[in-house]
Amino acid sequence: ELVPGRAAAESIAAREERSRLASELHSEVLPLVDHVASLSRDGFPDHAAGELEELEGALRSLMNERRNIELETVGFVAAVETLVESARAPGSPEVTIDVIADDGTPPPLVVEAVYDAIREALENVLRHARAARVSIEIATAPDHVRVAVTDDGIGIDPMAAVDARRRGHLGIAGIETAAALVGARFEVAPAPGGGKRLRWRWLTT
């Protein structure tokens with residue numbers, strides 16, 4: 001017997017469960033795999049390194065699936081809030097979000113690109129910046145997006161790009177390339193008073 005709304009409710013529940021599992025993988029499993037993979041590159045058998053990198057790639061694909069599910073179900077700003085919440089841990093920087101404007105949703109490819117930029121920026125700060133505070137400013141509308149991620153850490157670390165490439169992450173150069181693909185502009189510069197500021201901007205042409 002068909003119950004009105006049951007299929008939709010079950011679909012939502014399934015999406016939420018997959019997102020929850022992906023979140024746990026992101027916060028607990030993926031860092032461990034990343035660490036073991038880095039050890040393997042320093043002396044473990046070649047086949048082990050290859051298998052671990054394959055597993056790491058599969059988990060990152062799951063992270064992207066989680067991203068798409070969250071962006072579709074809760075929207076960009078709420079998805080970023082979830083991302084920030086998952087990054088919080090004892091000893092980690094204080095992260096604040098300032099939504100300057102939330103006036104609508106830009107195209108999906110733009111949303112995915114800017115979400116990935118924020119995710120990469122946060123990982124960069126957590127791994128390299130030695131920051132105490134991070135602020136994220138967001139302004140969105142159907143025809144524009146403006147995002148700034150600012151930290152009070154050690155500034156621009158040239159080794160961060162090397163580490164990002166080794167781990168298969170976007171890195172600063174990758175964020176710039178991904179931004180260009182959707183017609184956005186990306187820049188990183190020293191922040192007033194120390195640290196760095198990443199700006200990501202998209203406007204319809």
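Does Lys196 count as buried or exposed, and at what relative accessibility? Select Lys196 to begin: at 4% relative accessibility, Lys196 counts as buried. The model on display is a predicted one.

**First stop: Asp151 and Lys196**

Asp151 belongs to strand E3, whereas Lys196 belongs to strand E5 (residues 196-203), so that the pair links distant parts of the chain, 45 residues apart. Asp151 also counts as buried, because its relative accessibility is 3% and the limit for that class is under 20%.

**Second stop: Asp152 and Arg133**

Move to Asp152, whose side chain forms a salt bridge with that of Arg133 (3.1 Å, N to O). Asp152 is found in the loop between strand E3 (144-151) and helix H5 (158-166), and Arg133 in strand E2 (residues 133-141); the pair therefore ties together parts that are 19 residues apart in sequence. Asp152 is partly exposed, at 31% relative accessibility.

Select Glu85 together with Arg88. These residues form a salt bridge in which the closest N and O atoms are 2.6 Å apart. Arg88 has a relative accessible area of 42% and is partly exposed.

Now display helix H4 (residues 108-129) and helix H6 (residues 171-181). The two helices pack at an angle of about 170°, and their axes are 10 Å apart. H4 is therefore roughly antiparallel to H6, since angles over 145 degrees fall in that class. To see the contact, select Ala113, Ala117, Glu120, Ala121 and Asn124 on H4, and Gly171, Ile172, Ile175 and Ala178 on H6. By class, this contact comprises six nonpolar, two polar and one charged residues.

Finally, centre the view on Phe76. Leaving aside residues up to four places away in sequence, Phe76 touches Leu71, Val111, Val114, Tyr115, Ile118, Ile138, Thr140 and Val147.

Methods. Residues are numbered from 1 along each chain as its sequence is written. This is a predicted model: local features need pLDDT of at least 70, side-chain atom pairs count only at pLDDT 80 or more; totals for chains, interfaces and linings use all residues. Side-chain values use heavy atoms; hydrogens and water are left out. Axes are lines fitted to C-alpha atoms, for helices over the stretch in contact, and angles run from 0 to 180 degrees between N-to-C directions. Helices (H or I, at least four residues) and strands (E, at least two) are DSSP runs, numbered from the N terminus. Angles under 35 degrees count as roughly parallel, over 145 as roughly antiparallel, 65 to 115 as roughly perpendicular and the rest as oblique. Contact means heavy atoms within 4.5 Å. Ala, Val, Leu, Ile, Met, Phe, Trp, Tyr, Cys and Pro count as nonpolar, Asp, Glu, Lys and Arg as charged, and the others, Gly among them, as polar. A salt bridge is a side-chain nitrogen of Lys or Arg within 4 Å of a carboxyl oxygen of Asp or Glu. Buried means under 20% relative accessible area, exposed over 50%, partly exposed in between (1.4 Å probe, protein chains only).
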